[in-house]
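Visitor: I am new to protein models. Could you show me how to read one, feature by feature?

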Amino acid sequence: MGKFQNNLLIEVEEVLGYFLNEKGMTNKQALKEIEKSHGSFWKEVAKDILDDFNRKDDWYNFHKTNRSIHNADWIRNYRS
């Protein structure tokens, strides 16, 4: 079962990447096209992939910003 899930994820990621990168579609357009060509299950898997990517991106940007703020506080406190 795990092998099937991994293969499915890889296939969905490839199709999603094709629509986003090669065709230049937006996330919404790509999801609509995936649903039309592969069905609603694939659309939900693709949506989960996009949500996971966005969560990781948000986490990175949040910590990058906070690190900058904390570094500035450290410098101010050090100079005092």
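Guide: Start with one residue. Leaving aside neighbours within four places in sequence, Val12 is in contact with Trp42, Val45, Ala46 and Ile49. Contact means heavy atoms within 4.5 Å. This is a predicted model: local features need pLDDT of at least 70, side-chain atom pairs count only at pLDDT 80 or more, and totals for chains, interfaces and linings use all residues. Residues are numbered from 1 along each chain as its sequence is written, and side-chain values use heavy atoms, with hydrogens and water left out.

Visitor: What is the mean pLDDT of the protein chain?

Guide: First the idea. pLDDT is the predictor's confidence in each residue, from 0 to 100. Where pLDDT is low, the predicted coordinates should not be read in detail. Here the chain has a mean of 80, and 65% of its residues reach 70 or more. Among its elements, helix 2 has the highest mean (97) and helix 3 the lowest (70). Helices are DSSP runs (H or I, at least four residues), numbered from the N terminus.

Visitor: Which residues have the most contacts inside the largest nonpolar core?

Guide: In soluble globular proteins, nonpolar side chains tend to be buried together. A nonpolar core is a set of buried Ala, Val, Leu, Ile, Met, Phe, Trp, Tyr and Cys residues joined through side-chain atoms within 4.5 Å. The largest one here has 13 residues, and those with the most contacts inside it are Val12, Leu16, Ile34, Trp42 and Ala46. Helix 1 (2-22), helix 2 (27-38) and helix 3 (40-79) each give two or more residues to this core.

Visitor: Is Ile34 buried or exposed?

Guide: Buried means under 20% relative accessible area, exposed over 50%, partly exposed in between (1.4 Å probe, protein chains only). Ile34 counts as buried, at 0% relative accessibility. Ile34 sits in helix 2. Beyond residues up to four places away in sequence, Ile34 touches Val15, Leu16, Phe19, Gly39, Trp42, Lys43 and Ala46.

Visitor: How many salt bridges are there?

Guide: A salt bridge is a side-chain nitrogen of Lys or Arg within 4 Å of a carboxyl oxygen of Asp or Glu. The count here is four. One of them joins Lys36 and Glu33 (3.7 Å, N to O). These two are three residues apart in helix 2, so about one helical turn separates them. Lys36 is exposed, with a relative accessible area of 66%. Glu33 is partly exposed, at 24%.
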